[in-house]
Amino acid sequence: MSGAALGLEIVFVFFLALFLLHRYGDFKKQHRLVIIATLLAWYLCFLIVFILPLDVSTTIYNRCKLAVNSSPAESNGSYVTLAPSEQKCFKPWSYIPNGIMPIFWRVVYWTSQFLTWILLPFMQSYARSGGFSITGKIKTALIENAIYYGTYLLIFGAFLIYVAVNPNFNLQWNQLQTIGIAAANTWGLFLLVLLLGYGLVEIPRSHWNGAKRGYLLMKTYFKAAKLMTEKADAEENLEDVMEEVRKVNESIKYNHPLRKCVDTILKKCPTEYQERMGRNMDDYEDFDERQNSYPSEKSLVKLHKQVIYSVQRHRRTQVQWQILLEQAFYLEDVAKNETSATRQFVHTFHSQEPENKIIQYFYTPTVEWYWECLLRPWFYRVLAVVLATFSVIVVWSECTFFSTKPVLSLFAVFIQLAEKTYNYIYIEMACFLTIFFLSICVYSTVFRIRVFNYYYLASHHQTDAYSLLFSGMLFCRLTPPLCLNFLGLTHMDATISHKNTQPTAYTSIMGSMRVLSFIADGFYIYYPMLVVILCIATYFSLGTRCLNLLGFQQFMGDSEMTSDLIDEGKELIRREKRKRQRQEEGENRRREWKERYGNRDDSTRNRVVHTDQKESSFSETNTNRPLSKYTRSNGRTERDRIELLQDAEPLDFNADSINDDPLESDSGR
């Protein structure tokens with residue numbers, strides 16, 4: 001049973017990481033190495049979070065065995081009975097044998113560090129490179145990372161020289177390894193507190209605001225206005241880049257050595273632009289004799305990079321716009337159905353995707369009305385209160401976890417109470433909920449933040465390779481200090497508890513932080529207290545107000561700019577709604593026309609065809625050709641008239657404008 005718990009969690013975490021990566025990445029279009037590297041980084045980080053509670057319960061059991069072996073005891077069945085106090089050490093159901101966890105943590109930790117500091121930065125530059133060959137992309141990636149790697153090597157070399165010259169330092173390999181781990185964890189802890197302070201406040205507040213339908217609808221209008229601006233900018237940028245591609249395509253003919261590079265660029269363009277810029281293979285041109293100015297390979301590499309970026313951005317904004325429209329329509333439907341007397345949820349538009357029959361059977365319009373209009377707001381409020389309570393406990397424990405006498409950290413109190421009774425299930429559940437909540441606060445912030453258009457995790461398979469790799473780097477750098485912070489909150493770290501007890505297997509691979517006392521006794525203890533200041537700043541939206549002053553429009557209820565964007569977004573949604581309603585009305589009219597006159601049209605067509613056959617056979621035996629010609633032309637005229645009546649779409653006098661020229665209308669045939 002001990003190995004089964006570890007194996008089940010390993011398999012479960014793998015499928016969890018695969019599911020999240022499938023939601024944000026695109027397995028069909030993105031490079032396999034990018035998918036594998038990102039999946040490995042996410043998987044290792046999630047695995048550390050899920051396996052650490054098992055390490056804690058195993059460590060508590062090992063401490064109990066050490067206490068039993070150091071005192072007179074009698075073995076009795078599956079547990080050990082202490083002679084003085086009659087305490088019992090039960091083996092936990094998820095017990096992991098000695099020697100497995102240290103090897104497991106060592107492999108997971110150093111693999112994640114190799115990914116975040118060496119492999120993923122290199123793959124980022126490789127993915128963004130516009131080179132046309134593997135060698136060219138590798139060369140570009142090495143050049144871009146030369147400064148990055150050189151800076152770290154310079155710092156590390158200076159430190160080694162200082163240690164070698166100073167006679168007071170006598171560092172061994174293990175101590176040098178601990179210093180490297182401490183440096184990486186210090187950088188990660190610095191970023192961890194920033195993200196944690198934001199998530200502890202924003203997650204409960206977002207769920208509380210999720211119960212306010214008016215708030216969600218106004219924020220959706222605001223997002224629509226901003227996204228429309230971004231969408232127009234992406235379309236304009238794509239047009240400019242495609243114009244450059246067109247010029248290059250016309251200047252470089254098929255017999256030019258760089259024509260292969262141009263063909264590679266054309267394959268990355270959208271289909272409509274490829275058809276528009278289809279080159280003529282017959283226009284031979286001797287580029288050696290004509291003194292024309294052709295673009296260089298370096299300029300083509302730059303153009304290739306711009307094409308990849310502009311096409312990805314244009315596709316992402318198009319998909320996000322459609323998703324936002326569906327969300328806005330649904331929120332408007334919820335607002336309308338709240339006052340419904342029939343208590344059945346009515347949608348303005350039918351879902352474009354086929355619904356699951358099982359979900360459709362149980363999730364009826366009545367159930368949907370009760371959930372969306374009555375139960376869901378209260379559920380979000382209760383969940384927000386629970387999350388806010390967890391946030392308060394985390395903030396209190398972050399400020400008091402260094403106190404051991406008395407123990408003020410609430411998480412440490414919970415674990416120590418369960419440790420006295422050796423309730424391993426309670427210990428594992430308490431540890432899992434604690435580290436899971438901390439991970440949600442940190443990881444959700446990583447998924448929410450956006451650094452212009454360079455880093456942005458967009459769902460529905462719209463995240464580019466650079467952002468996926470960057471998220472893997474952040475996860476690998478944040479997870480080790482997150483776990484150390486969790487062990488400090490629960491006093492399972494000997495550096496915090498100041499007890500000479502057996503450490504966890506995860507702490508043992510980190511080494512003793514006493515080598516750097518100013519970090520162990522100073523930075524690791526007092527820096528997490530800054531989470532209080534960050535929570536206060538997030539609660540009063542100081543960061544949002546600063547960004548709004550700098551010109552980056554943020555959603556703020558008391559801002560005039562926000563009100564203008566809400567009105568603009570509302571008008572955009574109303575316009576798109578009218579457009580979709582006209583489309584559905586036209587489709588309904590055509591469907592009704594076919595249902596009403598479909599049989600009559602079929603019989604008319606059959607009668608005309610039968611008449612044509614008779615007339616054609618008659619014309620073969622008779623020389624009266626004008627009569628047969630007249631009959632056939634009359635049959636064609638009848639068929640054309642019927643088809644025109646069938647395809648005709650009634651005029652919509654509620655439209656914004658009526659175009660008198662049928663050749664210029666979008667729906668003209």
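The crossing of helix 6 and helix 9 is left-handed; that is, the near helix is turned anticlockwise from the far one by less than a right angle. By class, the contact between helix 6 and helix 9 has 22 nonpolar, 9 polar and 10 charged residues. Here Ala, Val, Leu, Ile, Met, Phe, Trp, Tyr, Cys and Pro count as nonpolar, Asp, Glu, Lys and Arg as charged, and the others, Gly among them, as polar. The model is predicted: local features need pLDDT of at least 70, side-chain atom pairs count only at pLDDT 80 or more, and totals for chains, interfaces and linings use all residues. Residues are numbered from 1 along each chain as its sequence is written, and side-chain values use heavy atoms, with hydrogens and water left out.

Two packed helices are described by the angle between their axes and the distance between the axes. Helix 6 and helix 9 pack at an angle of about 155 degrees, and their axes are 8 Å apart. Helix 6 is therefore roughly antiparallel to helix 9 (the term applies to angles over 145 degrees). Axes are lines fitted to C-alpha atoms, for helices over the stretch in contact, and angles run from 0 to 180 degrees between N-to-C directions.

The secondary structure of the protein chain comprises 21 helices and 4 strands. Helices (H or I, at least four residues) and strands (E, at least two) are DSSP runs, numbered from the N terminus. Of the 669 residues of the chain, 40% count as buried. Buried means under 20% relative accessible area, exposed over 50%, and partly exposed in between (1.4 Å probe, protein chains only). Among contacts between residues at least 6 apart in sequence, 76% join residues at least 24 apart. Contact means heavy atoms within 4.5 Å.

Helix 7 spans residues 259-268, and its buried residues are R259, C261, V262, I265 and L266. Seen down the helix axis, these buried residues fall within an arc of 155 degrees, so they line one face of helix 7. The arc is that of the directions from the helix axis to the C-beta atoms. Their cover includes helix 6 (213-251), helix 8 (271-276) and helix 9 (297-337). The face turned away from the buried side of helix 7 carries the exposed residues K260 and K267. K260 counts as exposed because its relative accessibility is 68%. K260 and F132 are 128 residues apart in sequence, yet their C-alpha atoms are 8.9 Å apart in space.

T59 lies in helix 2 (residues 32-69). With 3% relative accessibility, T59 counts as buried. Leaving aside residues up to four places away in sequence, T59 touches M492, Q502, P503, T504 and A505.

A cis peptide bond joins K405 and P406, with omega about -5 degrees. P406 sits in the loop between helix 11 (365-400) and helix 12 (410-421). R343 is a residue other than glycine with a positive phi, near 55 degrees. R343 belongs to the loop between helix 9 and helix 10 (357-362). At 41% relative accessibility, R343 counts as partly exposed. H461 is not a glycine either, and its phi is positive, about 65 degrees. H461 is found in the loop between strand 4 (455-456) and helix 14 (465-489). At 32% relative accessibility, H461 counts as partly exposed.

Note on methods
Parallel < 35°, antiparallel > 145°, perpendicular 65-115°, else oblique.
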